[in-house]
Amino acid sequence: KALGLDNRPVVLLAANVLGDSLTLGRNIFAESMSEWITKTVQYFAKRTDVQLVVRIHPGEKIVPQAKSMGTVVREALPEIPGQIHLIGALDNVNTYDLIEIADLGLAYTTTVGLETAMNGTPVISCGQTHYRGRGFTIDPNSWDEYFSTLEKALADLPTHRLSESQTAYAWNYAY
């Protein structure tokens, strides 16, 4: 309610801090996390049937010299449409509350992707992270495959929910 979300499906994109060692050398089909975020928000700017919540990593408040992913979003979309909600690093919003309401997660290498899968929510993993390819994420290898995967998942979100065994495996993997 505080974010102005409505009953349309919610897609959660949780960003890493730019330059975080977890993102360096982890590119698969995007040249960088910034490029991935840019193309993703431009895609969702045209999708009024869903809401995209972009959670800027709270760690950005500690690393102010790095370019904010919020700046990347604003450069990609000088006018942010109403269906895209940008949650800043300093905003008093609990990421775990966002996981609870998300219908789909998008992750580059953040552990929020793993934590979202632990909630039974489908996650599209876009960077070479340690939990990619473990059986509980959707793992595209090209831009075409990424956008095709987004289309398929958004067309039928309930069938993309993780099974009990996939969710259990995400929990087991986390531990």
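Q: A charge sits over a ring if NZ of Lys or CZ of Arg is within 6 Å of the ring centre and within 35 degrees of the ring normal. Which residue lies over the face of Trp-143 here?

A: Lys-39 does, at 4.6 Å from the centre of the Trp-143 ring. Before you read on: the model is predicted, with local features needing pLDDT of at least 70 and side-chain atom pairs pLDDT 80 or more, while totals for chains, interfaces and linings use all residues. Residues are numbered from 1 along each chain as its sequence is written, and side-chain values use heavy atoms, leaving out hydrogens and water.

Q: How do I read the salt bridges, and how many does a search of the whole structure find?

A: Side chains of opposite charge can pair when their charged atoms come close. The cut-off is a side-chain nitrogen of Lys or Arg within 4 Å of a carboxyl oxygen of Asp or Glu, and the search turns up four salt bridges. One of them joins Arg-8 to Asp-6, at 2.9 Å from N to O. Arg-8 has 25% relative accessibility and counts as partly exposed (buried is under 20% relative accessible area, exposed over 50%, partly exposed in between, with a 1.4 Å probe and protein chains only). Asp-6, at 38%, is partly exposed too.

Q: Which residues are linked with Arg-47 in a network of salt bridges?

A: Asp-49 and Glu-151 are linked with Arg-47. For Asp-49 and Arg-47, the closest N and O atoms are 2.6 Å apart; for Glu-151 and Arg-47, the figure is 3.4 Å. Glu-151 sits in helix α5 (residues 143-155) and Arg-47 in the loop between α1 (33-45) and β2 (51-55), so this pair ties together parts that are 104 residues apart in sequence. As for labels, helices (H or I, at least four residues) and strands (E, at least two) are DSSP runs numbered from the N terminus.

Q: Is Arg-47 buried or exposed?

A: Arg-47 is buried, because its relative accessible area is 13%.

Q: What describes a pair of aromatic rings?

A: You use the distance of the centres and the angle of the planes. Rings of Phe, Tyr and Trp (its six-membered ring) pair if their centres lie within 6.5 Å; planes under 30 degrees apart are stacked, over 60 edge-to-face, and the rest tilted. That gives 11 aromatic pairs here. Among them, Tyr-43 and Phe-44 are edge-to-face, with centres 5.0 Å apart and planes at 85°, and both residues are buried. Trp-171 and Tyr-175 have centres 6.0 Å apart and planes at 15°, so they are stacked. Trp-171 is partly exposed at 38%, while Tyr-175 is exposed at 75%.

Q: Which residues form one aromatic cluster?

A: The cluster is made up of Phe-29, Tyr-43, Phe-44, Trp-143, Tyr-146 and Phe-147. Trp-143 is the ring with Lys-39 over its face.

Q: Let's finish with a strand. Why is β1 largely enclosed by the rest of the structure?

A: Five of the five residues of β1 (residues 10-14) are buried, which means the strand is largely enclosed. On one side sit Val-10, Leu-12 and Ala-14, on the other Val-11 and Leu-13, and both faces are covered.

Q: Which strands pair with β1?

A: Strands pair if DSSP finds at least two bridges between them. β1 runs parallel to β2, joined by five bridges, with Gln-51 as the bridge partner of Val-10. β1 also pairs with β4 (residues 104-107) in the parallel sense, over four bridges, and there Leu-12 stands opposite Gly-105.
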